[in-house]
Amino acid sequence: MLRIGMTNPPFILEHLKEIAEVLRHPCVYSFLHVPVQSGSDAVLSAMNREYTLSDFRTVVDTLIELVPGMQIATDIICGFPGETDEDFNQTVNLIKEYKFPQVHISQFYPRPGTPAARMKKVPSAVVKKRSRELTSVFEAFTPYLGMEGRVERIWITEIAADGIHLVGHTKGYVQVLVPSTGNMLGTSALVKITSVGRWSVFGEVIKILNQVDDKIASNRRISSQVRQDKCSSCSSQNESSACSNEPDPSACGLECCEGKITLEEGQVSWIDRFAEDINSQNVIGWLLRKRKNQLKGVENDVALGSKKKQEWMGGNMGEWGVVDRALLGGMLVSFLIILALLIHVGFRTLSTK
């Protein structure tokens with residue numbers, strides 16, 4: 001399962017239908033984090049946000065309409081410089097209207113160097129009061145009240161903090177706690193919701209859905225059918241040579257019979273063979289084989305480079321051209337002259353002392 005992270009309204013306003021199509025995909029959670037920060041356009045403008053409250057409403061309303069079971073989380077900043085009581089009331093009314101299942105509430109903190117740090121601040125006592133009030137409003141919601149008794153599919157991803165339950169999520173990313181029985185991490189399961197809480201729901205496992213094994217088995221069946229079809233075609237076209245050990249010039253020459261794998265089939269079904277290795281817990285063997293092949297390639301490159309170096313170093317001096325000999329001679333003469341000058345200077349220095 002894939003969970004899309006956070007985005008701001010102006011980034012998706014023109015792509016809401018496409019975003020909705022992605023969120024409806026069976027392998028994507030129907031969940032999105034869209035921060036609004038304030039329910040007042042005046043505050044959003046002071047924050048230099050590139051959207052209005054109307055833009056945020058358009059995003060939320062469209063996704064809820066187009067995506068079944070859509071869940072949206074948002075962020076609120078309380079006490080931004082210049083926020084009035086009326087501005088704050090508009091924020092409270094927005095949260096009450098949509099009853100978001102997740103709201104991250106924070107108090108304004110001036111970061112040094114930002115324009116907001118130079119603005120006139122709302123008194124700290126007022127900021128704290130607004131934060132507590134909004135938190136009380138949010139925690140009064142019961143967003144999962146209607147889920148009790150329903151059967152949901154969940155994807156189990158982690159162990160709960162109590163160490164007793166496992167944590168799974170529905171398609172809408174509702175947190176479901178189930179008793180930890182056996183090795184269910186990384187699996188998908190059908191659960192019946194037995195009770196609901198403020199932050200999560202509890203369920204009992206009805207059936208574990210081993211989706212990975214089903215996919216591997218499906219790949220095996222397809223691969224097996226491909227092999228049978230190819231061998232049948234091969235036998236009907238050229239029975240005398242289809243199963244021969246020698247390559248046949250006909251169209252069936254590289255195909256398989258009785259377990260002989262063809263070049264084409266080897267290219268098509270490598271995913272299936274890799275899945276079989278993984279399923280049989282042969283990951284270490286696969287990695288060792290891959291590492292061995294890489295080392296072999298490196299060794300070949302080194303050997304080739306060494307051979308070229310030997311060929312260059314082993315060249316016959318007699319094969320050098322006139323220019324090469326002249327350059328080498330000039331370098332040797334220059335070296336001798338410099339050496340003689342150094343010796344001469346050294347003797348003069350000693351004699352002077």
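Reader: Does Phe 138 count as buried or exposed?
Author: Burial is judged by relative accessible area, with a 1.4 Å probe and protein chains only: under 20% is buried, over 50% is exposed, and in between is partly exposed. Phe 138 has 5% relative accessibility, so Phe 138 counts as buried.

Reader: Which residues do the totals for chains use in this predicted model?
Author: Residues are numbered from 1 along each chain as its sequence is written, and side-chain values use heavy atoms, with hydrogens and water left out. In this predicted model, local features need pLDDT of at least 70 and side-chain atom pairs count only at pLDDT 80 or more, while totals for chains, interfaces and linings use all residues.

Reader: How many strands does the chain have?
Author: Helices (H or I, at least four residues) and strands (E, at least two) are DSSP runs, numbered from the N terminus. With that rule, the chain has 11 helices, and its strands number eight.

Reader: How many aromatic pairs are there, and of what kind is the pair of Tyr 29 and Trp 155?
Author: Rings of Phe, Tyr and Trp (its six-membered ring) pair if their centres lie within 6.5 Å; planes under 30 degrees apart are stacked, over 60 edge-to-face, and the rest tilted. A search of the whole structure finds eight such pairs. The rings of Tyr 29 and Trp 155 have centres 6.1 Å apart and planes at 90 degrees, so this pair is edge-to-face.

Reader: Good to know! How many residues apart are Tyr 29 and Trp 155?
Author: Tyr 29 sits in the loop between α2 (16-24) and β1 (31-33), while Trp 155 belongs to strand β4 (residues 151-159). Their pair links distant parts of the chain, with a separation of 126 residues.

Reader: The charged end of Arg 198 sits over a ring; of which Phe?
Author: A charge sits over a ring if NZ of Lys or CZ of Arg is within 6 Å of the ring centre and within 35 degrees of the ring normal. Arg 198 lies over the face of Trp 199, 4.4 Å from the ring centre. The charged end of Arg 198 also sits 4.4 Å from the centre of the ring of Phe 138.

Reader: Which Phe belongs to the cluster with Tyr 173?
Author: Tyr 173 lies in the loop between β5 (165-169) and β6 (175-179). Its phi is near 65 degrees, a positive value in a residue other than glycine. Ring pairs link Tyr 173, Tyr 29 and Trp 155 into a cluster with Phe 31.

Reader: Are helices α4 and α5 roughly parallel or roughly antiparallel?
Author: Axes are lines fitted to C-alpha atoms, for helices over the stretch in contact, and angles run from 0 to 180 degrees between N-to-C directions. Angles under 35 degrees are roughly parallel, over 145 roughly antiparallel, 65 to 115 roughly perpendicular and the rest oblique. Helix α4 (residues 53-66) and helix α5 (residues 85-98) pack at about 10 degrees, with axes 13 Å apart. The two helices are therefore roughly parallel.

Reader: How many charged residues are in the contact of α4 with α5?
Author: Contact means heavy atoms within 4.5 Å, and here it is made by Leu 53, Phe 56, Arg 57, Val 60 and Asp 61 of α4 with Leu 94, Glu 97 and Tyr 98 of α5. Ala, Val, Leu, Ile, Met, Phe, Trp, Tyr, Cys and Pro are nonpolar, Asp, Glu, Lys and Arg charged, and the others, Gly among them, polar. By class, the contact has five nonpolar residues, no polar ones, and a charged count of three.

Reader: What is the relative accessible area of Phe 56?
Author: Leaving aside neighbours within four places in sequence, Phe 56 is in contact with several residues, including Pro 9, Val 34 and Leu 94. Phe 56 is buried, with a relative accessible area of 0%.

Reader: And what is the relative accessibility of Asn 48?
Author: Asn 48 is found in the loop between α3 (41-46) and α4, and its phi is near 60 degrees, a positive value in a residue other than glycine. Asn 48 counts as exposed, because its relative accessibility is 61%.
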